[in-house]
Every structure is written in C-alpha cells, then in structure tokens.
Amino acid sequence: MKTEQGARAPAAHARADSIGGPGGRAPLDVIVVGGGFGGMYAIYKFREMGMQVQGIEAGGDLGGVWYWNRYPGARVDLPSIDYSYAFSPEIEQEWNWSEQFAGQPELLRYIDFVATRLDLRKHFQFNTRVNRAEWDEARQLWTVTTEQGQRYEAPYCIMATGPLSVPKEPEIEGLKRFKGRLLHAAKWPHKPVAFAGQRVGVIGTGSTGIQIVQEVGRQAGELYVFQRTPSFTMPMRNVRLEPEYLAEVKRHYAGIREAARNSAVGGVRPQSTRAFFSVTPEQRRSLLEDAWKQGGLAMLGTFSDLMSNEEANEVVAEFVREKVGEVVKDPVTAEALKPRGYPIFARRPCIDTAYYETYNLPSVHLIDCLNDPILEVTEKGVRTQSGEVALDILILATGYDGLTGALTAFDVVGRGGRTVNEKWKEGARSYLGLMMEGFPNLFMTTGPNGPAALANIIRISENDVDWIAELIVHMRKSAAASAEPTAQAEQAWMDIVAALARRSLITKAKTWWVGTNVKDKPSGLTMFTGGFHKYREYCAAAAEDGYRGLVFQASVRQTVPA
Ligand code: NA7
C-alpha cells in the first residue's frame, strides 16, 4: 500500500532516550491515545513513516464511537461514501458500502476490514485507559501511564480521543435506585436487548435518542420518551447502493475526495451560494420542498445564509414545524415535538427514518419534560411532576461531555506542570485545534477549535494526522526535538475562531457544541465555523509559512529557528 508521504523518513533523533512499552520492545516514537478513525489512521501513517508506534484504546477493539454505540438504530448521518477513509485508493476500491447511510454494524465491519487489511490491531493495547500523560521537559518525552499501571514513553503523543467519547450522566436523582435495566446509549451491551413486551423509557431526544425511539418504538410493548428540548429532524431517505452506482463512485473517487476536501462539510453535499431572500417566496418554498424530498441534510445546503440570517432560519424552522404537524396525528404531541426558541441547525440537525410517524403508534408516549419535568428516578421507573411511569428498561441518551471531555477526564500535564484542565479553565484553547501552547509535541486530532462536529470527522482526522506528520518530517529535517505553538499564535487562532463564532447562529442554542449541557463547564463556541475547506487552508498556510507560529527546540535550552 502506498503512503502519501512516500519514502520512509529517518528514525527519530530522540529514540535513544525513549523506552518502549511492556515487553522491552523498541523505543517508541509516537503514542496514539484512541482507536477510532483518527487513531487508526495516525497509527498507520506514522508506522508507514518508519516510526515505532503504540496505540492505547479503552475499548475492547477499534472503532471509537462505533465500538461503544451499539444501540438499535445507530447510524451515520453523513453518506457512507464520504464517511470513509480517502488515504487508500486500494481500500476505496475493495470496500463496498451497502447503504447510503451505513448502520453501526456495517461501520464496524468497515473498521474491521481496514484494521485487518492494514494490520493495525497489533499496534494497539485494548481495554486500557490512560490516566496520565506528562511532558518530561528534561528528556523531551511524553510519559503516558495507564490505569493498569503501565508506562509508555515517546517524544510525540497524539490524542485521538475524539469529540464524543465521554458520555454524560444526566443530573437526575435516583438513577442508581432503579431496579429495572439501565442502559446508556454510549455503553451499549454487546448482546442484543429484547424489547418485545417491555415498558421502555428513553431520556434524551438528540441524534441518539431519535435513532433509538424510531427503532425501539416499533419493538417495545410501551415506549415512553422523556423529551426536554425537541430537536429538528429531517427525513434521511436512506437507500441501498446498487452495484452500478458503486462502480460509478469507484471510478470517480479521486474527484469525489477532492470535492469533499474543498467543501465546508468535508463531503460532496452541494452547498448553494444563493441567499435565502434572494428568491421569491414561491421559489423558496419549492426549494425547501425539494430538499425535504431529497432527504439527508440537503436543506442546509439549499441556501447560503441559514446559519447567519436569523429571519431566513426561522422561515425554514417553521417549514419543518409544519411538516411535524402534517405527520403527527395527536395535536398535543405534535405541538410538543415542534422545536421552538432556538434556530434550526444551531443544534445538530438530525436525520431520521419515520421518527415522527413513531408517535402515531398507540404504544408510544411523549412526555414533554419542559412542562412536566423529571423529578427523580425511582426503583420502579421515572417520576415526573405529573406522576410515576413504571419501566422495565430505562435508556439514557443524554449525550456527551463533548469536544473537551476526553482531555479533561485525566491529567494531561504540560510544561511547568500545568494541566490541560488548568489551561482550559475558562474554555478550550488551542492552535488550529491541533496543538496547545505549553504542551510541546502533544497533538490532537479533531480537537476543540477545529471544525469537529460541523464537518466529516474522517476528513478532519486525515487532515490533522497528515499535518502532524508533515510537521514531524520538518522537525526531523531541522533536528528539532520539540515543537509548541507560541502564545501569540494560539491567541491569533482563538481570535479567528471567536470572530467566526460571533457571526454564527450556533451560539443561540444550548447544546454540547457550546458546552452548556455539562454542569460547570465553561460555555462558549469552541469550534471553527468557517468550514472544513477554510480550516484546511489555515492548516496548509501554517505549514507553508514555515511553521512560524511554532517554537522549536533542538534540545533543552537550545532554540532552533523554524
Ligand atoms: P445530545 O445531542 O447532547 O442530546 C442529549 C439529549 O439528552 C438532549 O435531548 C438533552 O436535552 C437530553 N438530556 C440530557 N440531560 C437530561 C436530563 N437531565 N433530563 C432530560 N433530558 C436530558 O447527545 P446525542 O448523543 O443525542 O448526540 C450527540 C452527537 O452524536 C450528535 O450531535 C451527533 O453529532 C452525533 P436538552 O437538550 O439538554 O434539553
């Protein structure tokens, strides 16, 4: 298999100082924390560069969110063709997606295919959680320790820990009291759960809750959906991918990838330059109807200004509310399902398969927690203001400590003993979402202040890993042992992120995107909202500019010009 980097790079200069993992293996060059899409590609890329790599993964296998999220109905909401690796033409040609939006089992099969094809598993230690990572300034190494007490050292550490890897327990009294079966969407059992004849409750109606409701609603004896904030959801209109279509895609993968890299979402979804009010009301309506029929997130791409023009946004929001009213027969339920008070698309827009239709089943009951709040979980079920709902199974689909949760869940200690928790006390700071001032040679893939959550996570991961790899090649050429962004470069990036955020309607909703879903978390938009293509341009410009935003050190006390 070819690598983008081509020839194998020389061995890292710092290897003589480093020690390997257990078993007295060769000194490590790079430790990768996380075995999702980002971590898998990082391991592959650095191995192909001739580096000694070690991956550490908390799960029992590769896959990240797709390893953990085995709940019924789990499905990717980007087209599978886009949501797949672009770095290997061989894998593109050999793998066949069966559906436009692949389900979790197929995604795991793809991950297994890639891992087996590239022989990636041998580089990972599974079932292992990192509990500390510390920069050893004197030796210019990262020391990473695990909960089991193992210790790894390497000059480079990649946190491929993902934006959605720390599930959020809801702040609801009595969860431990529940005598029925308590399931968390993000820690779903590996054996199928039988719902037939069961009284099931679901708390949470984000993307996860919606996927669960539409699936479990058709299986359970009774389903009770505890909804606090309704989400806007649009029809997915998933289809099987026919062999002729796949053959056509395979012939054009290079162009498809190029288009994805140059798009705001990192996928081939068309994005119009048409402003909402530049066309007549009739044309607008007809375009919205077309997008609704087309399905997926087509609507978001139909106009250019839906995330910045509040008035335009509200017309689209009302259009979706009308659709809810057309589908849901009970007017009280329909009204409760209509999201109000925040702009459409400011919360992750969901795409569904007959979600609203599920509420027409006599066995499916919506509990509007805005008017009837959950008071506590009891031994028997959930007690809201209006009474107790007895349940056999309670499912938590209550989201994640997104973007920053993984790196604040354990001690990541940088220069001078400062932790990431301390650095991010007022909110996550980073340079390009990739590095942090005070944390030399520590890299993040899909990190805060990058475009994570707003664009295809696989395209972002590939961009990030390639950028880090190029930087390491640069460091080797210039005999640099460590690299770290300057405080000024980091601030300049934060200013860009903040300026874009001010123009976006995203901040007008309370979501994990802005951190308001986690108690005491500093809130604010820590995502780059300028689009994946622009993010890539910034990353490329930083490299082309000779990494002027970074400080390099050859060895302690000796500074190397970039
Ligand atoms: P989300 O989108 O954060 O949704 C979590 C849901 O759980 C949301 O509806 C919350 O309501 C609800 N929630 C959380 N805590 C409570 C309590 N205490 N009581 C009632 N309801 C609660 O997470 P998802 O897992 O659905 O989706 C995450 C991402 O995965 C998604 O954005 C895609 O990128 C894929 P709230 O909004 O707080 O009122």
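Select N127 first, in the loop between β3 and β4 (130-136); helices (H or I, at least four residues) and strands (E, at least two) are DSSP runs, numbered from the N terminus. N127 has a positive phi of about 50° although it is not a glycine. Most residues other than glycine have a negative phi. At 52% relative accessibility, N127 counts as exposed; buried means under 20% relative accessible area, exposed over 50%, partly exposed in between (1.4 Å probe, protein chains only).

This is a predicted model, in which local features need pLDDT of at least 70 and side-chain atom pairs count only at pLDDT 80 or more, while totals for chains, interfaces and linings use all residues. Residues are numbered from 1 along each chain as its sequence is written, and side-chain values use heavy atoms, with hydrogens and water left out.

Next, go to D119, in the loop between α4 (104-117) and β3 (124-125). D119 is not a glycine either, yet has a positive phi of about 55°. Its relative accessibility is 37%, so D119 counts as partly exposed.

Now colour the open sheet of 5 strands, with parallel pairing and the order β8-β17-β9-β10-β13. Two strands pair if DSSP finds at least two bridges between them. β8 (181-184) and β13 (364-368) stand at the edges with a single partner strand each, so one side of each has no neighbour in the sheet. Within the sheet, 5 bridges join β9 (residues 199-203) to β10 (residues 222-227).

Move to helix α6 (residues 243-251) and show L246, V249 and K250, which are buried. These residues cover an arc of only 100° around the axis, which puts them on the same side of α6; the arc is that of the directions from the helix axis to the C-beta atoms. E244 and R251, on the other side, are exposed. The cover over the buried residues includes α3 (89-94) and α7 (253-261).

Finish at W467, one of the residues touching the most other members of the largest nonpolar core, which has 84 residues. Such a core is a set of buried Ala, Val, Leu, Ile, Met, Phe, Trp, Tyr and Cys residues joined through side-chain atoms within 4.5 Å. Leaving aside neighbours within four places in sequence, the contacts of W467 include Y431, M435, C539 and Y547.

Methods
Contact = heavy atoms within 4.5 Å.
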